[in-house]
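Let's work through a few exercises together. Have the sequence and the 3D view open, and try each task before reading its solution.

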Amino acid sequence: MVLHRVHHQILRSHHLFEPLSEAELDELMDASQLLNLDKGDILFHQGEPASAFYFVISGAVKIYRLTPDGQEKVFEVIGNRHTFAEAMMLMDTPNYVASAQAIGPTQVYRLSNSVYMRLLQNNNRLAFALLGKLSVRLHQRINEIETLSLKNATHRVVRYLLTQLSRLKDGGNSFELPMAKQLVAGHLSIQPETFSRIIRRLIDEEIIDQEGRQITIRDRQRLEQFE
(Lines give C-alpha, C1' and ligand atoms only; values in the text may rest on other atoms or scores of the structure.)
Protein backbone atom coordinates (compact mmCIF):
# COMPACT_ATOMS: atom_id res chain seq x y z
CA MET A 1 0.00 0.00 0.00
CA VAL A 2 2.90 2.34 0.77
CA LEU A 3 4.41 1.60 -2.66
CA HIS A 4 1.02 2.26 -4.23
CA ARG A 5 0.89 5.68 -2.54
CA VAL A 6 4.42 6.54 -3.71
CA HIS A 7 3.59 5.68 -7.30
CA HIS A 8 0.29 7.54 -6.90
CA GLN A 9 2.30 10.69 -6.11
CA ILE A 10 4.71 10.09 -9.01
CA LEU A 11 1.87 9.78 -11.51
CA ARG A 12 0.19 12.84 -10.00
CA SER A 13 3.29 14.91 -10.95
CA HIS A 14 2.75 14.15 -14.67
CA HIS A 15 0.44 16.45 -16.61
CA LEU A 16 -1.56 13.55 -18.10
CA PHE A 17 -2.63 12.52 -14.59
CA GLU A 18 -2.53 15.76 -12.61
CA PRO A 19 -6.10 16.78 -13.64
CA LEU A 20 -7.55 13.53 -12.26
CA SER A 21 -9.38 13.51 -8.95
CA GLU A 22 -8.21 11.10 -6.26
CA ALA A 23 -11.09 8.77 -7.07
CA GLU A 24 -10.32 8.90 -10.81
CA LEU A 25 -6.62 8.23 -10.29
CA ASP A 26 -7.46 5.33 -7.99
CA GLU A 27 -9.75 3.93 -10.66
CA LEU A 28 -7.01 4.18 -13.29
CA MET A 29 -4.36 2.59 -11.06
CA ASP A 30 -6.71 -0.21 -10.02
CA ALA A 31 -6.95 -1.13 -13.72
CA SER A 32 -3.19 -0.83 -14.27
CA GLN A 33 -0.32 -3.27 -13.92
CA LEU A 34 3.15 -2.62 -12.49
CA LEU A 35 5.81 -4.35 -14.62
CA ASN A 36 9.42 -5.03 -13.65
CA LEU A 37 11.49 -5.53 -16.78
CA ASP A 38 14.99 -6.76 -17.51
CA LYS A 39 17.18 -5.49 -20.34
CA GLY A 40 15.78 -6.72 -23.65
CA ASP A 41 12.25 -7.41 -22.42
CA ILE A 42 9.60 -6.50 -24.99
CA LEU A 43 6.53 -4.53 -23.95
CA PHE A 44 4.81 -4.78 -27.32
CA HIS A 45 5.58 -5.46 -30.97
CA GLN A 46 4.57 -3.40 -33.97
CA GLY A 47 1.20 -4.66 -35.20
CA GLU A 48 -0.05 -5.98 -31.85
CA PRO A 49 -3.40 -4.72 -30.50
CA ALA A 50 -2.92 -1.38 -28.70
CA SER A 51 -4.92 -1.80 -25.51
CA ALA A 52 -2.63 0.12 -23.13
CA PHE A 53 -0.17 2.98 -22.75
CA TYR A 54 2.76 3.16 -20.38
CA PHE A 55 4.39 5.32 -17.70
CA VAL A 56 8.08 4.77 -16.87
CA ILE A 57 8.76 4.75 -13.13
CA SER A 58 12.47 4.05 -13.56
CA GLY A 59 14.83 2.88 -16.30
CA ALA A 60 14.33 3.46 -20.03
CA VAL A 61 12.43 2.03 -23.00
CA LYS A 62 13.32 2.38 -26.67
CA ILE A 63 10.62 2.83 -29.32
CA TYR A 64 11.67 1.37 -32.67
CA ARG A 65 10.61 -0.14 -35.96
CA LEU A 66 12.30 -2.64 -38.26
CA THR A 67 12.98 -1.61 -41.84
CA PRO A 68 12.12 -4.04 -44.68
CA ASP A 69 15.76 -5.21 -44.74
CA GLY A 70 15.71 -5.96 -41.01
CA GLN A 71 17.52 -2.86 -39.76
CA GLU A 72 16.36 -1.33 -36.50
CA LYS A 73 15.33 2.32 -36.52
CA VAL A 74 15.10 3.85 -33.05
CA PHE A 75 12.60 6.72 -32.86
CA GLU A 76 12.89 7.62 -29.22
CA VAL A 77 14.18 6.49 -25.84
CA ILE A 78 11.67 7.11 -23.06
CA GLY A 79 13.14 7.83 -19.63
CA ASN A 80 11.68 7.85 -16.15
CA ARG A 81 8.59 9.94 -15.35
CA HIS A 82 7.51 9.93 -19.03
CA THR A 83 4.66 8.23 -20.88
CA PHE A 84 4.55 6.54 -24.28
CA ALA A 85 2.02 4.94 -26.65
CA GLU A 86 -0.74 7.26 -25.39
CA ALA A 87 -1.30 8.55 -28.95
CA MET A 88 -2.68 5.14 -29.92
CA MET A 89 -5.82 5.85 -27.92
CA LEU A 90 -6.81 8.54 -30.44
CA MET A 91 -5.64 6.89 -33.67
CA ASP A 92 -7.85 5.06 -36.13
CA THR A 93 -5.57 2.01 -36.17
CA PRO A 94 -6.19 -0.49 -33.36
CA ASN A 95 -2.58 -1.70 -33.39
CA TYR A 96 0.77 -0.39 -32.20
CA VAL A 97 2.73 1.29 -35.01
CA ALA A 98 6.13 0.56 -33.44
CA SER A 99 7.74 -1.77 -30.92
CA ALA A 100 8.90 -1.05 -27.36
CA GLN A 101 11.79 -2.71 -25.53
CA ALA A 102 13.51 -2.10 -22.19
CA ILE A 103 17.17 -1.11 -22.63
CA GLY A 104 18.04 -1.87 -19.01
CA PRO A 105 16.32 -2.80 -15.74
CA THR A 106 13.06 -0.85 -15.97
CA GLN A 107 9.84 -0.46 -14.03
CA VAL A 108 6.72 0.73 -15.84
CA TYR A 109 3.00 1.04 -15.29
CA ARG A 110 0.80 -0.50 -17.96
CA LEU A 111 -2.32 1.71 -18.06
CA SER A 112 -5.65 0.79 -19.60
CA ASN A 113 -6.64 2.78 -22.69
CA SER A 114 -10.33 2.07 -22.16
CA VAL A 115 -10.33 3.31 -18.56
CA TYR A 116 -8.36 6.45 -19.41
CA MET A 117 -10.63 7.22 -22.36
CA ARG A 118 -13.69 6.91 -20.14
CA LEU A 119 -12.13 9.36 -17.69
CA LEU A 120 -11.13 11.61 -20.58
CA GLN A 121 -14.70 11.90 -21.80
CA ASN A 122 -15.76 13.25 -18.41
CA ASN A 123 -12.84 15.62 -17.69
CA ASN A 124 -12.11 18.60 -19.95
CA ARG A 125 -8.82 19.46 -18.17
CA LEU A 126 -7.60 15.94 -18.87
CA ALA A 127 -8.53 16.27 -22.54
CA PHE A 128 -6.54 19.50 -22.93
CA ALA A 129 -3.54 17.98 -21.12
CA LEU A 130 -3.48 15.06 -23.55
CA LEU A 131 -3.85 17.41 -26.52
CA GLY A 132 -0.88 19.48 -25.30
CA LYS A 133 1.26 16.38 -24.85
CA LEU A 134 0.54 15.12 -28.35
CA SER A 135 1.17 18.57 -29.87
CA VAL A 136 4.63 18.68 -28.30
CA ARG A 137 5.37 15.20 -29.65
CA LEU A 138 4.23 16.27 -33.12
CA HIS A 139 6.54 19.29 -33.18
CA GLN A 140 9.43 17.12 -31.99
CA ARG A 141 8.85 14.63 -34.80
CA ILE A 142 8.61 17.42 -37.41
CA ASN A 143 11.92 18.89 -36.23
CA GLU A 144 13.57 15.46 -36.31
CA ILE A 145 12.30 14.78 -39.84
CA GLU A 146 13.71 18.11 -41.01
CA THR A 147 17.07 17.40 -39.40
CA LEU A 148 17.27 13.85 -40.71
CA SER A 149 16.16 14.79 -44.21
CA LEU A 150 18.07 17.99 -44.87
CA LYS A 151 21.22 17.94 -42.76
CA ASN A 152 24.40 15.93 -43.04
CA ALA A 153 25.59 13.44 -40.46
CA THR A 154 27.90 15.90 -38.69
CA HIS A 155 25.12 18.43 -38.31
CA ARG A 156 22.81 15.76 -36.92
CA VAL A 157 25.35 14.77 -34.26
CA VAL A 158 26.09 18.40 -33.35
CA ARG A 159 22.38 19.25 -33.05
CA TYR A 160 21.82 16.11 -30.97
CA LEU A 161 24.61 17.08 -28.54
CA LEU A 162 23.29 20.64 -28.29
CA THR A 163 19.78 19.33 -27.64
CA GLN A 164 21.06 17.14 -24.80
CA LEU A 165 22.97 20.12 -23.42
CA SER A 166 19.88 22.35 -23.55
CA ARG A 167 17.96 19.89 -21.39
CA LEU A 168 20.31 20.40 -18.42
CA LYS A 169 18.41 22.27 -15.74
CA ASP A 170 21.50 23.41 -13.85
CA GLY A 171 23.14 25.20 -16.78
CA GLY A 172 26.05 22.78 -16.70
CA ASN A 173 28.19 21.58 -19.59
CA SER A 174 28.28 17.84 -18.94
CA PHE A 175 25.64 15.19 -19.56
CA GLU A 176 25.30 11.45 -20.03
CA LEU A 177 24.11 10.02 -23.34
CA PRO A 178 20.68 8.50 -22.62
CA MET A 179 21.48 5.38 -24.62
CA ALA A 180 24.39 3.46 -26.11
CA LYS A 181 26.23 5.09 -29.03
CA GLN A 182 24.89 2.46 -31.42
CA LEU A 183 21.33 3.41 -30.48
CA VAL A 184 22.10 7.13 -30.81
CA ALA A 185 23.48 6.46 -34.29
CA GLY A 186 20.32 4.55 -35.22
CA HIS A 187 18.18 7.37 -33.87
CA LEU A 188 20.09 9.81 -36.11
CA SER A 189 19.93 7.45 -39.12
CA ILE A 190 23.71 7.19 -39.43
CA GLN A 191 26.11 4.29 -39.07
CA PRO A 192 27.69 3.73 -35.63
CA GLU A 193 31.14 4.08 -37.22
CA THR A 194 30.17 7.49 -38.61
CA PHE A 195 28.92 8.63 -35.23
CA SER A 196 32.17 7.51 -33.58
CA ARG A 197 34.29 9.31 -36.19
CA ILE A 198 32.39 12.57 -35.67
CA ILE A 199 32.73 12.31 -31.90
CA ARG A 200 36.45 11.63 -32.32
CA ARG A 201 36.80 14.75 -34.52
CA LEU A 202 35.08 16.86 -31.87
CA ILE A 203 37.42 15.47 -29.23
CA ASP A 204 40.51 16.07 -31.38
CA GLU A 205 39.35 19.64 -32.00
CA GLU A 206 39.08 20.04 -28.19
CA ILE A 207 35.41 20.95 -28.53
CA ILE A 208 34.17 18.11 -26.33
CA ASP A 209 35.53 15.48 -23.95
CA GLN A 210 34.16 11.99 -23.57
CA GLU A 211 34.44 9.39 -20.86
CA GLY A 212 32.18 6.42 -21.50
CA ARG A 213 28.70 7.86 -22.06
CA GLN A 214 29.60 11.10 -20.27
CA ILE A 215 30.01 14.05 -22.66
CA THR A 216 31.49 17.38 -21.58
CA ILE A 217 31.11 20.39 -23.87
CA ARG A 218 34.35 22.39 -23.70
CA ASP A 219 33.49 25.05 -26.27
CA ARG A 220 29.77 25.50 -26.99
CA GLN A 221 30.28 28.30 -29.50
CA ARG A 222 32.63 26.21 -31.64
CA LEU A 223 30.27 23.25 -31.36
CA GLU A 224 27.38 25.35 -32.64
CA GLN A 225 29.50 26.42 -35.63
CA PHE A 226 31.06 23.02 -36.29
CA GLU A 227 30.36 21.40 -39.66
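Helices (H or I, at least four residues) and strands (E, at least two) are DSSP runs, numbered from the N terminus. Two strands pair if DSSP finds at least two bridges between them. The model is predicted, so to speak of local features a pLDDT of at least 70 is needed, side-chain atom pairs count only at pLDDT 80 or more, and totals for chains, interfaces and linings use all residues. Residues are numbered from 1 along each chain as its sequence is written, and side-chain values use heavy atoms, with hydrogens and water left out.

**Exercise 1. Explore the hairpin of strand 10 and strand 11.**

Solution. 
- Step 1: Find strand 10 (residues 208-211) and strand 11 (residues 214-217), which run antiparallel and are joined by four bridges.
- Step 2: Pick Q210 and look across to strand 11, where I215 is its bridge partner.
- Step 3: Go to the two residues between the strands; in this hairpin G212 takes a positive phi near 65°.

**Exercise 2. Work out the strand order of the open sheet with four strands.**

Solution. 
- Step 1: The order is 1-8-3-6, with antiparallel pairing.
- Step 2: Strand 1 (33-37) and strand 6 (83-84) stand at the edges with a single partner strand each, so one side of each has no neighbour in the sheet.
- Step 3: Strand 3 (residues 52-58) and strand 8 (residues 106-112) are antiparallel and share six bridges. A52 has S112 in strand 8 as its bridge partner.
- Step 4: Helix 3 (residues 113-121) packs on the sheet and touches strand 3 and strand 8. Its direction makes about 60° with that of strand 8. Here contact means heavy atoms within 4.5 Å; axes are lines fitted to C-alpha atoms, for helices over the stretch in contact, and angles run from 0 to 180 degrees between N-to-C directions.

**Exercise 3. Describe the lining of the largest pocket.**

Solution. 
- Step 1: A pocket is an open set of points on a 1 Å grid over the protein atoms alone, where a 1.4 Å probe fits, with protein on both sides within 12 Å along at least five of seven lines; lining residues have an atom within 4 Å of a point.
- Step 2: Of its 48 lining residues, E76, V77, Q164, R167 and P178 are the closest to the centre.
- Step 3: Helix 4 gives the largest share of this lining, 10 residues.

Notes: Ala, Val, Leu, Ile, Met, Phe, Trp, Tyr, Cys and Pro count as nonpolar, Asp, Glu, Lys and Arg as charged, and the others, Gly among them, as polar.
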